[in-house]
Amino acid sequence: MSVEAGSAWEHGGIQYWGLSLSGIRTSLALPQHHLCFDVAQGFPFVLHLKKYFITHGHLDHAAGIPYIISQKAMHNEPSPDFYLPPSLLEPMTEMMRIWEKIEGHQYRFQFHPVAAGQSIELNQQYEVRVFPTVHRIESFGYSLVHKNKKLKTEFKNLSQAELAALRREGREIQDQVESIQCSFTGDTQIEFLDLAPEVRKSKVLFLEATYFDDKKSVEHARKWGHTHLDEIIPRLSQLECEKIVLIHLSSRYTTSEALKILKARIPREYQGRVILFPGR
Ligand SMILES: [Zn+2]
Ligand SMILES: [Zn+2]
């Protein structure tokens with residue numbers, strides 16, 4: 001039910017590397033796609049990626065941005081692309097100008113503001129899509145979307161020669177099919193599920209779950225823009241995900257404590273689908 005701390009986790013042919021602990025560190029890398037969601041303090045396994053998608057500016061998610069930029073410069077790698085909430089653009093650029101002053105070096109980087117619903121193309125088959133989340137500061141989540149072409153059902157029984165003939169006539173014989181391989185919420189209240197209902201269909205959903213029991217109340221979680229397990233359990237039936245990976249656990253819980261609570265509280269039919277992501 002849990003992922004070994006510090007090790008990679010794989011599902012559906014995609015590898016995930018990361019660590020997530022509330023207020024301390026959150027970063028999830030998809031090395032096969034050369035990207036990551038949030039950067040924490042800039043872990044070794046995110047330094048050589050190409051695209052960085054930042055959910056929001058809290059330090060446990062975004063402090064590593066200047067460090068990654070400097071590491072790219074040191075290793076003569078192409079300048080990195082960061083996708084971030086628009087309100088982060090000006091202060092982060094300012095931060096880099098100050099760091100350039102400290103280091104006597106001019107850095108190269110691209111900061112791209114994102115908007116809900118926007119798609120960022122990675123290649124012909126994959127794109128990253130931005131969805132809205134609900135937190136104390138401006139925030140967004142990200143989905144990795146796979147785009148595929150599939151033969152239209154009405155042409156299913158035709159021979160290769162017949163299909164070729166249709167193609168020659170200029171007929172469109174394929175439909176575009178999309179599937180959300182994974183979604184990453186960053187920090188959010190549970191209402192993002194209503195703002196972005198398509199996320200419920202993600203094969204893997206990395207879902208914020210900061211508090212698991214009455215160590216902190218639902219009200220407390222909501223006041224700080226977070227989600228409580230009490231709010232997730234009644235929503236499980238809405239989630240069509242193969243795996244629901246809980247991230248951003250409060251450091252008030254040890255891993256074994258958290259696993260014990262999940263075992264006791266997650267209804268039996270969902271036990272195989274709910275996973276705790278490592279944070280330590
Ligand atoms: Zn956080
Ligand atoms: Zn936060």
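**Questions on a predicted chain**

Reader: Where is the place of His34?
Author: Helices (DSSP runs of H or I, at least four residues) and strands (DSSP runs of E, at least two) are numbered from the N terminus. By that numbering, His34 sits in the loop between strand S3 (25–30) and strand S4 (35–39).

Reader: What kind of model is this, and which pLDDT do local features need?
Author: Residues are numbered from 1 along each chain as its sequence is written, while chains are lettered from A and ligands numbered from 1 in the order in which they are written. This is a predicted model in which totals for chains, interfaces and linings use all residues, side-chain atom pairs count only at pLDDT 80 or more, and local features need a pLDDT of at least 70.

Reader: What does the chain average in pLDDT, and over which residues is the value below 50?
Author: The pLDDT (the predictor's confidence in each residue, from 0 to 100) averages 95 for the chain, and 98% of the residues score at least 70. Where pLDDT is low, the predicted coordinates should not be read in detail.

Reader: Does His34 count as buried or exposed?
Author: A residue is buried if 20 or more other C-beta atoms, placed from the backbone, lie within 10 Å of its own, exposed if 12 or fewer, and partly exposed in between. The phi of His34 is near 55°, a positive value in a residue other than glycine. His34 has 12 C-beta neighbours inside 10 Å, so it counts as exposed.

Reader: Is Asp38 buried or exposed?
Author: Asp38 lies in strand S4 and has a positive phi, near 60°. Most residues other than glycine have a negative phi. With 27 C-beta neighbours inside 10 Å, Asp38 counts as buried.

Reader: What is the C-alpha to C-alpha distance between Gly42 and Pro66?
Author: Gly42 is found in the loop between S4 and S5 and is partly exposed, with 19 other C-beta atoms within 10 Å. Beyond neighbours within four places in sequence, Gly42 is in contact with Leu47, Gly64, Tyr67 and Ile68. Gly42 and Pro66 are 24 residues apart in sequence, and their C-alpha distance is 8.7 Å.

Reader: Which strands stand at the edges of the open sheet of seven strands?
Author: Two strands pair if DSSP finds at least two bridges between them. The open sheet has mixed pairing and the order S1-S2-S3-S4-S5-S6-S7. Two of its strands have a single partner strand each, so one side of each is left without a neighbour in the sheet: strand S1 (9–11) and S7.

Reader: By what angle are neighbouring strands of this sheet turned, and which strands does H3 touch?
Author: Axes are lines fitted to C-alpha atoms, for helices over the stretch in contact, and angles run from 0 to 180 degrees between N-to-C directions. With direction ignored, neighbouring strands are turned by 25° against each other on average. H3 packs on the sheet with its direction at about 155° to that of S7. The angle asked for is 25°, and the strands touched are S6 and S7.

Reader: What is the handedness of the crossover from S6 to S7?
Author: S6 (residues 81–84) also runs parallel to strand S5 (residues 51–53), joined by three bridges, while S6 and strand S7 (residues 110–113) pair in the parallel sense over four bridges. The bridge partner of Leu84 in S7 is Pro113. A crossover is right-handed if, with the strands pointing away from the viewer, the path from the first strand over the helix to the second runs clockwise. The chain passes from S6 through helix H3 (residues 86–103) to S7, and this β-α-β crossover is right-handed.

Reader: How many residues of helix H4 are buried?
Author: H4 is followed by Gly170, whose phi is positive, near 85°. Helix H4 (residues 160–168) lies largely in the open because, of its nine residues, the number buried is zero.

Reader: What radius of gyration does the chain have?
Author: The C-alpha atoms fill a box of roughly 65 × 55 × 30 Å along the principal axes. The radius of gyration is taken over C-alpha atoms, and the globule rule is 2.2 Å times the number of residues to the power 0.38. For 280 residues a compact globule would be near 19 Å, which agrees with the chain's 21 Å.

Note on methods: Contact = placed C-beta atoms within 7 Å.
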